[in-house]
Amino acid sequence: MGKTIKLISGDGEMFEVEEAVAFQSNIIKSLADEDNADDCIPLPRVDSQILSKVLEFCRKHANSPSVHTKFAAIPSELCPKHDGSAAGASSSESSSAHSETCRACYDAVMKLVQWDLEFVKVDLDLIHHLLKAANYLDIEDLMFMAVEGAANAIRGNNPEEIRKLFDLENDFTPEEEKEILKEYSWLDDPFEP
Amino acid sequence: MLFLTPHSSSQTFHRTVCLLSCPSSASAMDSLPDAIVHHILCSLSNARDVAACSCVSRYWNEAVPYIPSLYFPRNSLDGAAAADATIGRMVASAVCLQDLIVYCPFSSASLASWLDLRCGTLRSLELRMDGIASKPASGGDDEAPANELECIGVARGLESLKLWGVSLTTSPNWNCFDKLRFLEIIGATLRDGALSDALHACPNLTDLALLSCNGVATLSIELERLENCRLDFLGPGNCSLHLSSPKLQILEIQGFSWIRVNQDHHIRRLCIAKSSGRVYKVELGKLPDLEFMSLRGIQWRWSAISSILYCASEVRHLIMKIEFCGDFDTLQPFPEIDLVDFFNNHPRLCKFEIHGALFAAFCQKNSLKNLDSKFVIPYLEEVIITVRSPLNAEQKLNTLESVLMYSVKLHRMTIRLSQMKNCNEAADDFFKDICKLKYMNYNVVQIE
């Protein structure tokens, strides 16, 4: 194990993880940069169940290119196959153009995307917690995927189903409801209880 | 640091330290910061989903207009009494609309009104035009129909434009899309002049694709920033292409007989195909950055093949599938291609795929007995050979054996024996010999 960081969840559990994993969070990174004698970072707003899920995500994403940078921007150091093989390597392949031609990089990123999509196929309550954790800890990739998970829950549902999923009230006035019914009559029944 | 004892109910603990923007409500999503709710809504683009969200609650209704993308799939408004009006209302309320995709049918008059409204923010537009209902011609007789593409010209900030099933036979009269980088036109009927005018209005394109199009005889492209060019023109006719783009990296074309590319370029991926008709001439200048090349077609003039092979000395991955050569209607077999010369001229070849008649043309004019003992095929790792007839079996086997012998890095040779043209004893003998070859080189040779 390389240098490790100790994190304390809101409910007092301690997690020790490699720097590369923990530093996916910009908040943890900046807290660790300040001289912290104990190397213990408290995270009162994240409980252990959520933190362990978050760290599972971070572990998968450590040492991987962010799936949300364009392929062309993946530097060759992160390529799983980077071995400078004689026949394949070309001096004209600058690091910025590396993965456009590198099949291994492309495949690795695609695999990671698949893993991410599976990761957020969870109940909405967990997504909600992941969203808050990703926001609080400033983890870009996790925020992106949790948002996608929440958006997926919305897709294909009618308004009442969406309200149930997100525990929301129909707070339109009767006049407003009438207007909306007129505008969206082409949807199957926006206000079906 | 002392460890705190875990609370028995982590959920309650968690909730009480959450920032609640709506303290009176205990509902889950309400406690999400506004920015996150916006983020989630902005991930949606399907018109039905967006419309559904408008009906969920007041807050969501107010947030929906900020969604930047709207996508109307093919059947999304089936049964809607006035689809155009529905699209119009949604476009009107999307105050910062950046991406608009419409696959369901619409009228060109409506399109003009939507673009007028949103031209200030629109960055990407994708339209299926084959269902478009035009304004009726004012004279009512044989006047040319009002130009459906003209109204797109008002969206001056467009960066990406994709049109399906369009008819570009008269000039669209666009001014200038100086931000347009991606242009894709699919399944279109074109005319030289109209296409040329359209391209003139897009001087800063980096990616151009004209696929499954017809109606062009001559195409001349001069684009300073073009990097990626894909052209697929249907029909057996003799199309000619003249291309001048100093930043060109990828060129994939089908359907041209005369091809001239200004030699100032950086082509690394090149595909030239002609699925019906003939390729007469290919002029590309040198290809110093070439990595991948694919040549396909029924009939190419031999001089076109040999000139392009000559220029492609740096190629690493080469695919050749051409049936015949010949200048005119008569289909001719290929002249002999010397194996040693071929591999000496393409020393960096790493993957090689060759079919039928072209493979049959490989021979060994330079007797290998007199060969410089340093002959080697240095980087070849994978070979795929399709054999279609047992004619000249001995020569073919010699070629296969030589490739095996002189390739120091070869780890896979795949021999595809597709329907043998002459099904007789000769075919069986040939097949037996190939199998023998396989047994002697079992770790490399594979038969399909």
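Mentor: Happy to! Asn204(B) sits in the loop that joins α7 (192–200) to β8 (207–213) of chain B; helices (H or I, at least four residues) and strands (E, at least two) are DSSP runs, numbered from the N terminus. This is a predicted model, in which local features need pLDDT of at least 70 and side-chain atom pairs pLDDT 80 or more, while totals for chains, interfaces and linings use all residues. Residues are numbered from 1 along each chain as its sequence is written, chains are lettered from A and ligands numbered from 1 in the order in which they are written, and side-chain values use heavy atoms, without hydrogens and water.

With a relative accessible area of 17%, Asn204(B) is buried (under 20%; exposed is over 50%, partly exposed in between; 1.4 Å probe, protein chains only). Its side chain reaches the backbone oxygen of Asp178(B) at 2.7 Å. Beyond neighbours within four places in sequence, Asn204(B) has contacts (heavy atoms within 4.5 Å) with Asp178(B), Leu180(B), Arg181(B) and Arg225(B).

Now the cysteines: over all chains there are zero disulfides (pairs of cysteine sulfur atoms within 2.5 Å). Cys311(B) is in no disulfide either, the nearest cysteine sulfur, that of Cys271(B), being 17 Å away.

How values were computed:
Polar contact = N/O pair within 3.5 Å; in protein donor to acceptor, adjacent residues only side chain to side chain.
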